[in-house]
There are 2 protein chains.
Amino acid sequence: MTTSLDIAKAARVSPAVVSRIINQDASLRITAQTRRRVERVIKAMDYAPNTCAQSLRRARTGILALVVHDMTNPVYAEILAGAQDAAASQGKALLLGEAKDLNNGQSRIESLIGGGGADGLILQGAGTALDRALARAARRLMPTVLLQSGHARDTILMRMKDHQAGALACRALLKLGHRRIGFLGVSPSLSFSDDRQKGWHEALTKAGESPTPLMTGIGGNTCAQGADGMKRLFMTQPDLTAVVVANVMAGIGALSYLHDQDIQAGRDFSVIAVHDSNLAAYVRPALSVVRMPLRALGRGAVDAVCGHDFHANTTITIPDAPTVIARASTGPAR
Amino acid sequence: MTTSLDIAKAARVSPAVVSRIINQDASLRITAQTRRRVERVIKAMDYAPNTCAQSLRRARTGILALVVHDMTNPVYAEILAGAQDAAASQGKALLLGEAKDLNNGQSRIESLIGGGGADGLILQGAGTALDRALARAARRLMPTVLLQSGHARDTILMRMKDHQAGALACRALLKLGHRRIGFLGVSPSLSFSDDRQKGWHEALTKAGESPTPLMTGIGGNTCAQGADGMKRLFMTQPDLTAVVVANVMAGIGALSYLHDQDIQAGRDFSVIAVHDSNLAAYVRPALSVVRMPLRALGRGAVDAVCGHDFHANTTITIPDAPTVIARASTGPAR
DNA sequence: TACGTATGGTAAATCGATTTATCAATTGAA
DNA sequence: TTCAATTGATAAATCGATTTACCATACGTA
């Protein structure tokens, strides 16, 4: 590898000059001639500073670690895309990890986080003991943001308006005349799912209904879980005419179950899910949704971690309001 | 941050001992007592070696760079997941980048790649000038793998059996009695899409048909592009009774178009797409597909990059054969 | 006693870039 | 002419871990 010393020798200057030119040190006074000479050598030898040496010296790497719980899920992929987007504009790179690969400090990403290999950590959907251990290890070293759920001292929790999303979804169905409206959550242990459920509960209550636990079920965040959840919910509560599904993938799964039962979504039964995805628009019947600011969430996390004003032990809620997008899977109650 | 010197002082040994204990140097002879003392201090002070210093000294980082062309696409997300999986078992971490964020060496991920911040590079769907520049910058420094398409000296091209996939899809339709079978590619500039088309072409020709360019169209890799492509294909070639779609997302889009035209997929018209996705099984009608070894592709790329036997300037084809999964979107020709 | 050989460690160079303090030479002013 | 200030750079310390070569001391043996 070409080093700054190689450049320095070839350009007949000291490594200090090379470094200061590359880093645009304004206090460096040299003749235009010398500057040109060095710049020409840098280009000719295709020199790029060794980033490890740089990071060691400067004590920052320009890398942010992001750990997610299943990157193949389009919903989380969207958050990831938002984070990547913001990272790129902040001049940072993203180190990506799967929560399931965490291994008590043995995995490479954990060593990197524990050993100053990243400038910040974003942890999505924290919940397990390993998540907690990672957050604990990171928070002393670098700004740490928990996305959507979880809590640990000295970190920021970043969330969306989940309560409002649940309420909006439910109100959209109420407006169509539905009264018996069920709820399919992601998982009861996840606070954001819980908040959506509370929103649903509140909207129903305000409308004069009395929601019961029997009207709720677990739909997960995959099509398979959603189909299964819909089936179970129907068994316990056959009189429902509509349902709020807390995750769009589960919503698509719910639609598939209805289709297989010859129940026509949008006419015989209504489904609305939380999170948009371009998929929701292309399944048939098209799935009505409450769009959430997923990209903004990812972006916000990166900005918070990079920002000079990192305030630990706070909760940040992305201000963008959830918006209802009515498609064919919702229709008037009969 | 705690350094090895801090540990050394607290345990009354030299930093050399600390390092050699942590790295399990077999040639280190010390009393069990000393070893315990050091280990206790390491644990008590929660010491983790600085990874930048480590990487600088050892000239390897334990990081692999992976640059993709749209991580929100479930198909590429699957490759990503395979890569992450293999990386984790190799004890590596993944640095993730979007091709669209490449910026002529200005982005952080490019500096890292150019400056030895990664041990290898995997570039998915290379095609643009920036892709080429990145591959050129990387290949001297580290093992570089191009996934699915692209070419650059001193790199490995890793691909799947795309020709076979196209042929299998087409043959599945032929077996159902279809003769007028169209093809919706991803983009003509992508070699893997082209190979699938060649497979389709060959299968049709062998069956005694004479495929023409008018029977092909562009479907991209999103639902929107697929719906649009299906529409155009119908306009130019209204006598088709079935179509092979080169990408599953585009396939879902095609289904949506058919639905909106009151054409019942599986009965009036058949659709089979390349790539499985759990979505394909949950749209209605369920989409028939040719499943490709996407995870194996991602895994293979990581293994190739990490392997001791990196042979540049070769093409590796993932041996797993594509398999047809017949669902409801394909049916007998009428 | 003298010599070889384990035993239990340590000293110091090194990886490559950054950065502060410093220095020689030149210019300008009094 | 002499002192101060500016110009155009450089020397050397530093970041933190790794690793090679080496060094005391104690032990066993002839």
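Me: What numbering and confidence limits apply here?
Reply: Residues are numbered from 1 along each chain as its sequence is written, and chains are lettered from A and ligands numbered from 1 in the order in which they are written. As this is a predicted model, local features need pLDDT of at least 70 and side-chain atom pairs count only at pLDDT 80 or more, while totals for chains, interfaces and linings use all residues.

Me: How many residues surround DNA strand C, and which are closest?
Reply: There are 28, with Thr3(A), Ser4(A), Ala16(A), Ser19(A) and Ala53(A) the closest; a residue is near a strand if its C-beta atom, placed from the backbone, lies within 6 Å of it.

Me: Which helices supply at least two residues each near DNA strand D?
Reply: Helix 2 (15-22) and helix 4 (51-58) of chain A do, as do helix 1 (4-11), helix 2 (15-22) and helix 4 (51-58) of chain B. Helices are DSSP runs (H or I, at least four residues), numbered from the N terminus.

Me: Changing topic, at what angle do helix 1 and helix 2 of chain B pack?
Reply: About 110°, with axes 8 Å apart; the axes are lines fitted to C-alpha atoms over the stretch in contact, and angles run from 0 to 180 degrees between N-to-C directions. Helix 1 of chain B is therefore roughly perpendicular to helix 2 of chain B (65 to 115 degrees).

Notes: Parallel < 35°, antiparallel > 145°, perpendicular 65-115°, else oblique.
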